[in-house]
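Hi,

I am passing a structure on to you, together with some notes on what turned up in it. Please have a look at it first and then read on.

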Amino acid sequence: MDCLFCKIIAGEIPSSKVYEDDMVYAFNDIDPQAPVHILIIPKEHIASVNEVNESNSAVVAHIFEVAAKLAKEKGLEDGYRIVTNIGDDAGQTVKHLHFHMMGGRSFGWPAG
Ligand code: AMP
Ligand code: ZN
C-alpha cells in the first residue's frame, strides 16, 4: 500500500520517533506548527475517523492514553491541542489516521 505513514512505521522512511508500542507510533511533525507538534498514529492502517468502527476503535482510546503520557513528559501543563483532520474540507493530506498533538504556545478558537 502506498501510504506515507505506513512506510514511516515500517522504517522505510525516516522519522523522529517520540514513542512506540505494539499499537501506536508517535513522531515529530516535519513541519511543526507549535514548539511541540507530535503526530500519534495507529500502526494499523486506518484512513481517517470515517474508518473507525467497533473492531478497531480500541486503538483510538489508546492514542489518548499515550497523549496524556506525552503531555506530562513534554511539560505541557499549561495545555495543548489535539486535532485530527478528516477529508478535503479539513485539509487531510495523509490518508492514515493521525492525531496532531500541539503545545508550547496558546491557540485561537475557533481554529482555521
Ligand atoms: P494532515 O494535513 O492533517 O493530513 O497532516 C499531515 C501532517 O503530516 C502534516 O502536518 C505534515 O507536516 C506531516 N508530515 C508529512 N510528511 C511527514 C514526514 N515525512 N514526517 C513527519 N511528518 C510529516
Ligand atoms: Zn497507512
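One term before the notes: helices here are DSSP runs of H or I with at least four residues, strands are runs of E with at least two, and both are numbered from the N terminus. Please also keep in mind that this is a predicted model.

With that in hand, which element gives the largest share of the shell around ligand 1? The answer is H1, with three residues. H1 and E2 each supply at least two residues of this shell. Around ligand 1 there are 16 residues, and Asp29, Asn85, Thr93, His98 and His100 come nearest. Sorted by class, the shell has seven nonpolar, seven polar and two charged residues.

Next, the polar contacts of ligand 1. An N or O atom in the side chain of aspartate 29 is 2.5 Å from an oxygen atom of the ligand. Asparagine 85 also faces an oxygen atom of ligand 1, with a polar side-chain atom 2.8 Å away. For isoleucine 30 the backbone takes part: one of its polar backbone atoms is 3.1 Å from a nitrogen atom of ligand 1. On its own, ligand 1 has 500 Å² of accessible area, and the protein covers 82% of that.

Where does ligand 1 sit? The space that it takes is the largest pocket. This pocket holds about 360 Å³ of space. Its lining is made up of 22 residues, and those nearest the centre are Phe5, Asp29, Ile30, Leu39 and Val94. Helix H1 (4-9), strand E2 (24-28) and strand E3 (36-42) are the elements that give two or more residues to the lining. H1 again has the largest share here, with three residues. By class, the lining counts nine nonpolar, eleven polar and two charged residues.

One last item concerns the backbone. The peptide bond that runs from tryptophan 109 to proline 110 is cis, and its omega is near 0°. You will find proline 110 in the segment after strand E5 (99-103).

Methods: Residues numbered from 1 in each chain as written. Chains lettered and ligands numbered in written order. Predicted model: local features only at pLDDT ≥ 70, side-chain atom pairs only at ≥ 80, totals over all residues. Heavy atoms only, no water. 1 Å grid on protein atoms, 1.4 Å probe; cavity = no way out; pocket = protein on both sides within 12 Å on 5 of 7 lines; lining within 4 Å. Points joined across faces, edges and corners; volume = space filled by probe spheres on them. Nonpolar A, V, L, I, M, F, W, Y, C, P; charged D, E, K, R; others polar. Near = heavy atom within 4 Å. Polar contact = N/O pair within 3.5 Å; in protein donor to acceptor, adjacent residues only side chain to side chain. Areas by Shrake-Rupley, 256 points an atom, 1.4 Å probe, with all protein chains shown as cover. Sits in = over half its atoms within 2 Å of the grid points.
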